[in-house]
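Trainee: I've got a model open and I'd like to learn how to read it. Where do we start?

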Amino acid sequence: MTETPTGPIGICLLGCGVVGGGVLKILAAQRDLLHRRTGLRFEVRHVVVRDVKKHVAGDPRLPWTTDAAAAVDDPKVQVVLELMGGTTPAGGLIERALKLGKPVVTANKSLLADRGPELFALAHKHNTCIAFEASVGGGIPIIEALSRGLLANRIDALVGIVNGTCNVILTRMTRNGWTYPQALEEAQKLGYAEADPSLDVSGRDAGQKLALLASLAFNVRVSERDISVEGIEKLQPADITFARSLGYVIKLLAIAERDADGQLGLRVHPTLVHHTDVLAEVSGGFNAISVFGNALGHALFYGRGAGQMPTASAAVADLISVALGIAPLSFRKLNIYPDSAPPARVLPPEQVRSRYFLRLTVKDEPGVMGQVSQILGAHKISLSAILQPETGDGQADPVVPVVITTHQAAEGPMRQSLKAIDALSTVTAPTVCLRVIDQPKEFAGE
């Protein structure tokens, strides 16, 4: 689709869950506005669902069907919107559409993180395109920015809050002093978290999104397997409290950084963010992605990162771009997609450098901190600050928390240090280790 069509554009919608329903709402409610702005009219020719009976009562006028293959094959279908999610059967149906030369709009970050290079190559082979703005950041136009608006920049770093479920949970834990199970239960009741939240809270969802963002930002091929991932399930209220006392907020961050040799550090984990950093203020279901370019400097992309209408907004924007010929032209001309990019040179996880927050549980007796400092020093890790709350007198064999922050150190030596520290007879529980991210240099001292 390289020229603006004169007649209605036939659409096949694969899946009509939350996001698919939002797309139908926008196309119906904004029909005249979209035509006035773009000159386009859209005709929904097929809505593919598992069970027609569950949907037809809601709107009997829509062309409900269970025959996905026939819907994709329909000669009057010009664009396929895949909003089913998952890798199967969505992957096979996307392949089918691409082989017919039909452009695909998708929000399927799991599939693209797993099979992106293969599917992008198939689209190029058949002179069509894949548009995937809705796959990351809900309604935030971050894919558009990385693939077009920021092309003049060498991107040096990308840091983001890209999972709304985790951000809702962490916001509740921070503001209300709740435990992780309490915050998760409320997030599920409010619809922010799935009944099985494991993809979100494990950090995997953020990792899949980071794979897509990093591929575009650095023009390399990044897979989910390249990314070190830790979730939020083990986070304790005590860590949030101690972080606050040091001037930090804990967020689940997706981080991609280019080092001086061009290697990428790729990671997702709970991170201490200084309270003056813009990311510290991002709460609830909002997402925010900081991008650092050599010409631009720092840019922040902020908005609702999930939900029916924000994600549907991004999908419809892609639909319009495809129909106008903008997306196909860019897809054909730009060498920024994973199938045309070299594999990322990924920095081994043990070499990634960061500052650290350590919470030790130790016996309150002389010499403990000397032993800990000696172990860290032997691994060339220097201390930045030590925080030890006072304990009451008269306790028999008291156990106390000690919080340490460090200067920059590599992950490997830190892990070796933790193993030695936890082996001490005076340390009574495994040490909690979280990373600390520094503020962007241009904001230091403000």
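Mentor: Keep in mind that this is a predicted model. Let's start with a β-α-β unit: here β4, α5 and β5 make one, and it is right-handed.

Trainee: How do I tell what "right-handed" stands for in such a crossover?

Mentor: Point the strands away from you; if the path from the first strand over the helix to the second runs clockwise, the crossover is right-handed. In this case you go from β4 over α5 to β5.

Trainee: How many bridges join β4 to β5?

Mentor: Three, linking residues 79–82 with residues 104–106, and the two strands run parallel. Within that pairing, V80 has V104 as its bridge partner, and E82 has T106.

Trainee: What does helix α5 touch on the sheet?

Mentor: Residues 90–99 form α5, which packs on the sheet and touches β1, β4, β5 and β6. The direction of α5 makes about 155° with that of β5.

Trainee: Back to β4. Which way do its side chains point, and are they buried or exposed?

Mentor: V79 and L81 point one way, V80 and E82 the other. All four residues are buried, so each has under 20% relative accessible area.

Trainee: In what order do the strands of the whole sheet come?

Mentor: Read across as β3-β2-β1-β4-β5-β6: six strands in an open sheet, with parallel pairing. At the edges sit β3 (64–65) and β6 (130–131), each pairing on one side only.

Technical notes. Residues are numbered from 1 along each chain as its sequence is written. This is a predicted model: local features need pLDDT of at least 70, side-chain atom pairs count only at pLDDT 80 or more; totals for chains, interfaces and linings use all residues. Side-chain values use heavy atoms; hydrogens and water are left out. Two strands pair if DSSP finds at least two bridges between them. Contact means heavy atoms within 4.5 Å. Axes are lines fitted to C-alpha atoms, for helices over the stretch in contact, and angles run from 0 to 180 degrees between N-to-C directions. Buried means under 20% relative accessible area, exposed over 50%, partly exposed in between (1.4 Å probe, protein chains only).
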